[in-house]
Amino acid sequence: MGNSGILFNHAYGIQQVKEVDGLMLVRIRNPWGQGEWTGKFADEDEAWDDHKGLKEKLNYVFKNDGNWWMKYDDFCAHFNKLYLCKIFPSTWSQYSIAGEWAGNSAGGPYPVEAEPEPDNHDGPRNDTNDKWFNNPQFRLSVSKKTNLILSLMQEDVKVSKRPYIPVNFLVVRVKSKRDRLWEIEKKDIVLEASGGLQRFGQREITKNCTLLPEYDKKPCHYMIIPNTEDCPDKKEQERPFFLRVFSSEPMELVQMPDTIEQQFKNKWS
């Protein structure tokens with residue numbers, strides 16, 4: 001325990017965040033039910049005397065119960081990690097798929113955007129000759145406006161004994177319900193999880209989006225394509241992943257068949 005009463009490497013819960021009389025305050029709970037903060041605004045601290053009526057406004061009673069208030073600045077100074085936990089309504093559904101980038105399906109990063117061709121009035125079309133299209137693809141279909149939370153997660157480093165690598169995923173609007181995605185028009189990209197140039201290894205990427213069953217008054221579907229980013233060691237790109245989709249409405253999620261690559265030797269004579 002540090003001299004502030006906070007245990008090192010111990011998880012605490014945030015109960016409330018309030019601004020009262022110009023003070024930014026955070027209410028913390030120790031799940032053990034004992035052991036509390038001893039700094040400013042700790043129970044019986046003199047700071048309470050400088051702010052008459054503050055306890056009543058917060059409906060707070062001094063007790064040795066593992067609960068306390070502290071200034072937001074002190075919270076930032078004494079805690080170095082914050083984890084957000086979303087509690088889903090019972091009406092939401094969860095879909096979980098264990099996948100893998102291995103061999104041909106380790107297709108690598110999304111290709112750099114090509115320059116628009118002179119006769120292409122729909123905008124640039126990306127060339128996927130670099131094998132990106134070999135990555136695992138998952139077709140998603142909705143029947144009404146649907147809010148989604150998508151998560152792409154790597155195996156825990158303590159289990160895999162391998163460092164996290166930069167990964168990404170796209171959500172792309174498609175017309176066909178049967179075919180894999182081979183080429184992309186920019187206007188059809190609904191979501192790119194890791195946009196920009198700053199790519200770094202992390203265990204999980206989570207993004208929100210809203211999907212509709214129609215686009216331009218025509219039925220449509222969506223393809224989720226997870227991929228690894230550039231790795232100096234190509235073998236590092238081969239690893240398992242976990243794709244989770246949380247959905248506000250019923251939907252259909254189907255993994256598309258892997259690509260098949262064949263080579264034939266012949267000659268012109």
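User: What's the mean pLDDT of the protein?
Analyst: The mean is 88, and 90% of the residues reach 70 or more.

User: And how should the low bits be read?
Analyst: Not in detail: that's the rule for predicted coordinates wherever pLDDT is low.

User: OK, on to sheets. What's the strand order in the open sheet of 4 strands?
Analyst: The order is β4-β15-β7-β11, and the pairing is antiparallel. At the edges sit β4 (93–101) and β11 (204–211), each pairing on one side only. Going from one strand to the next, the twist averages 20°.

User: How many bridges join β7 to β15?
Analyst: There are 7 bridges between β7 (residues 146–154) and β15 (residues 239–247), and the two strands run antiparallel.

User: Which residue in β15 stands opposite Ile-149?
Analyst: That's Phe-246.

User: Now the open sheet of 3 strands. What's the order there?
Analyst: That one goes β1-β2-β3, with antiparallel pairing. Its edge strands are β1 (13–20) and β3 (67–71); each has a single partner strand, so one side of each has no neighbour in the sheet. Neighbouring strands of this sheet are turned by 25° against each other on average, ignoring direction.

User: How many bridges join β2 to β3?
Analyst: 5 bridges, with the strands running antiparallel. As one example of a residue pair, Arg-27 has Trp-69 in β3 as its bridge partner.

User: Switching topic: where's Gly-33?
Analyst: Gly-33 is in the loop that runs between β2 (23–29) and α1 (54–58).

User: Why does Gly-33 count as partly exposed?
Analyst: Because its relative accessibility is 30%, and partly exposed covers what lies between the buried cut-off, under 20%, and the exposed one, over 50%.

User: Which residues does Gly-33 touch, leaving out those up to four places away in sequence?
Analyst: Gly-33 touches Asn-64, Asp-65 and Gly-66.

User: What about Arg-180, how many Å from Gly-33 is that?
Analyst: C-alpha to C-alpha, Gly-33 and Arg-180 are 54 Å apart in space. Along the sequence, 147 residues separate Gly-33 from Arg-180.

Technical notes
Residues numbered from 1 in each chain as written. Predicted model: local features only at pLDDT ≥ 70, side-chain atom pairs only at ≥ 80, totals over all residues. Heavy atoms only, no water. Pairing = 2+ DSSP bridges. Axes fitted to C-alpha atoms, helices over the stretch in contact; angles between N-to-C directions. Buried < 20%, exposed > 50% of the residue type's maximum accessible area, 1.4 Å probe, protein only. Contact = heavy atoms within 4.5 Å. pLDDT = per-residue confidence, 0-100.
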